[in-house]
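Dear colleague,

I am handing over the structure below for your review.

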Amino acid sequence: MSEAERIASVRLDDTSIARRSAEAEHERQVAITDLIGTGKISVIDPHFVPLPGPYDLFASIREQRLMLNLTGAGSKQCDIALVLSPFKMVIKDYFLICESYYEAIKTASRDKIQTIDMARRGLHNEGSEMLVSLLEESLKMDLSTARRLFTLICVLHIK
């Protein structure tokens, strides 16, 4: 990965988030660690001044929009806003399946846990692919980076 695509830091706007469960907090920490370790992005919107990395990323949700503030090399910045309404059902279903998964790991059989986990991963992939598609004119990223970013979108939705 080139330095120009690297994510140097990630911060979330925690002011609007209610207290998270231990599981959600763990997922947040893993997603941030993975984004900093292996995440790669490139700003490609022709309206932005070229913005090479490494990037500092600040993510928040405002008025049903995902707001991504990227600060690149030389302190140049850009803001990307993404309407979240296309994600509404995927996020809702993802939260429901996660609840089922965390309950299942306490008492369910291994086969049932695996089945629920496959459904959970499928929804997570669906949201991640949607994110790549909806941001393709502004931000280029691989699916692994999108998966981590989708996790953070879900964390920001916790009320």
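The buried residues of helix 4 are T145, A146, R147, L149, F150, T151, L152, I153, C154, V155 and L156; buried means under 20% relative accessible area, exposed over 50%, and partly exposed in between, with a 1.4 Å probe and protein chains only. Helices (H or I, at least four residues) and strands (E, at least two) are DSSP runs, numbered from the N terminus. Because eleven of the 15 residues of helix 4 are buried, this helix is largely enclosed by the rest of the structure. From its first C-alpha to its last, helix 4 reaches 21 Å, close to the 21 Å expected at 1.5 Å a residue; the expected span is 1.5 Å times one less than the number of residues.

Please note that this is a predicted model, in which local features need pLDDT of at least 70 and side-chain atom pairs count only at pLDDT 80 or more, while totals for chains, interfaces and linings use all residues. Residues are numbered from 1 along each chain as its sequence is written, and side-chain values use heavy atoms, with hydrogens and water left out.

The second largest pocket

The second largest pocket is lined by E27, V30, A31, D34, Y94, R120, R121, H124, R147, R148 and T151. A pocket is found on a 1 Å grid over the protein atoms alone, as an open set of points where a 1.4 Å probe fits, with protein on both sides within 12 Å along at least five of seven lines; lining residues have an atom within 4 Å of a point. Helix 1 (22-38), helix 3 (110-135) and helix 4 (143-157) are the elements that give two or more residues to this lining. Helix 1 provides the largest share, four residues. By type, the lining residues divide into three nonpolar, two polar and six charged. Here Ala, Val, Leu, Ile, Met, Phe, Trp, Tyr, Cys and Pro count as nonpolar, Asp, Glu, Lys and Arg as charged, and the others, Gly among them, as polar.

Salt bridges

The structure holds seven salt bridges, each being a side-chain nitrogen of Lys or Arg within 4 Å of a carboxyl oxygen of Asp or Glu. One of them joins D13 and R62 (2.4 Å, N to O). D13 lies in the loop between strand 1 (7-12) and helix 1, and R62 in strand 3 (residues 55-62), so the pair ties together parts that are 49 residues apart in sequence. D13 is buried, at 5% relative accessible area, whereas R62 is partly exposed, at 40%.

Another salt bridge links E25 and R28 (2.5 Å, N to O). These two residues are three apart in helix 1, separated by about one helical turn. E25 counts as partly exposed at 22% relative accessibility, and R28 as buried at 17%.

Strands 4 and 5

Strand 4 (residues 65-71) and strand 5 run antiparallel and are joined by seven bridges; two strands pair if DSSP finds at least two bridges between them. M67 stands opposite A81 in strand 5. The two strands form a hairpin with five residues between them, and G74 in the turn has a positive phi of about 75°.

In a regular strand the side chains alternate between the two faces of the sheet.

Yours sincerely
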